[in-house]
Amino acid sequence: MRGPTLRVVVVNGSPSEPSKTMGLVDVVLDTLKDMLPIEASRVDVYRLGAGFTGAIERDDVTPEVEDSLRLAENADLLIAAAPVFRGTYPGMFKHFFDLVDQYALANKPVLLAATGGGDHHALVLEHAMRPLFAFFQALTIPVAVFASAGDFDGTTLLTPRVYGRIEVGLTDVVNLLRARATGPGEKQDREPANSRPRAKPPAPSLSAAGGQRLVQPVQRAGSPSRT
């Protein structure tokens, strides 16, 4: 067994299919797969239908939308990914999190990912997305990832610098993510008893950081080039 499987849920805020935003997320997921067992699910907010767009309160949503909300709330790792439009994330992306329970994401690891037409849009990660999840008291991963239109060929990410940032960001928190995994363990093939021992793999070039301090939820009163 390789240990418990990390249940990853991607909340995709892009209206396009395929999209550069999901092209970036696919690289994140592929990098994460090399570090620990994962099970990935995806919520496409632009495809949740009228039962989502017409809902003002959580009680208004359809059962299908309720399932999507609970999927995000129960993830071991949430990947919040969105294109940048006029300085911020799309309204549909925000509407999804307007319906998420106020305390469901407390202490939950959240990786922030965004795409935009130019590098100046990268500020959305720290000035719009991170404050949103600070409200939820989520445990946002320190390294967020951004890619601009010039980093892609169509929807395929090309730039080595972005690949490197993804690897650094995940390596920093892989021990935390491994500790948070709640899915079933993944089986490994056993070697025959008489087989020669495998060569020891080289030490990784990036060292994993240790644990992080958790914060107890604080009760509060009340509560376009798209890529």
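Helices (H or I, at least four residues) and strands (E, at least two) are DSSP runs, numbered from the N terminus. This is a predicted model, in which local features need pLDDT of at least 70 and side-chain atom pairs count only at pLDDT 80 or more, while totals for chains, interfaces and linings use all residues. Residues are numbered from 1 along each chain as its sequence is written, and side-chain values use heavy atoms, with hydrogens and water left out.

**View 1. Arg86 sits in the loop between strand E3 (77-83) and helix H4 (91-99).** Its phi is near 55°, a positive value in a residue other than glycine. Arg86 is exposed, with a relative accessible area of 73% (exposed is over 50%, buried under 20%, partly exposed in between; 1.4 Å probe, protein chains only).

**View 2. Gln137 lies in the loop between helix H5 (124-135) and strand E5 (139-140).** Here too we meet a positive phi in a residue other than glycine, near 60°. Gln137 counts as buried, at 11% relative accessibility.

**View 3. Phe135 and Phe136 form an edge-to-face aromatic pair.** Rings of Phe, Tyr and Trp (its six-membered ring) pair if their centres lie within 6.5 Å; planes under 30 degrees apart are stacked, over 60 edge-to-face and the rest tilted. The two centres are 5.3 Å apart, with 75° between the planes. Phe135 is partly exposed at 31% relative accessible area, whereas Phe136 is buried at 3%. Both belong to one aromatic cluster, whose members include Phe52, Tyr89 and Phe93.

**View 4. A cis peptide bond joins Glu17 and Pro18.** Omega is about 0°, and Pro18 lies in the loop between strand E1 (4-12) and helix H1 (20-33).
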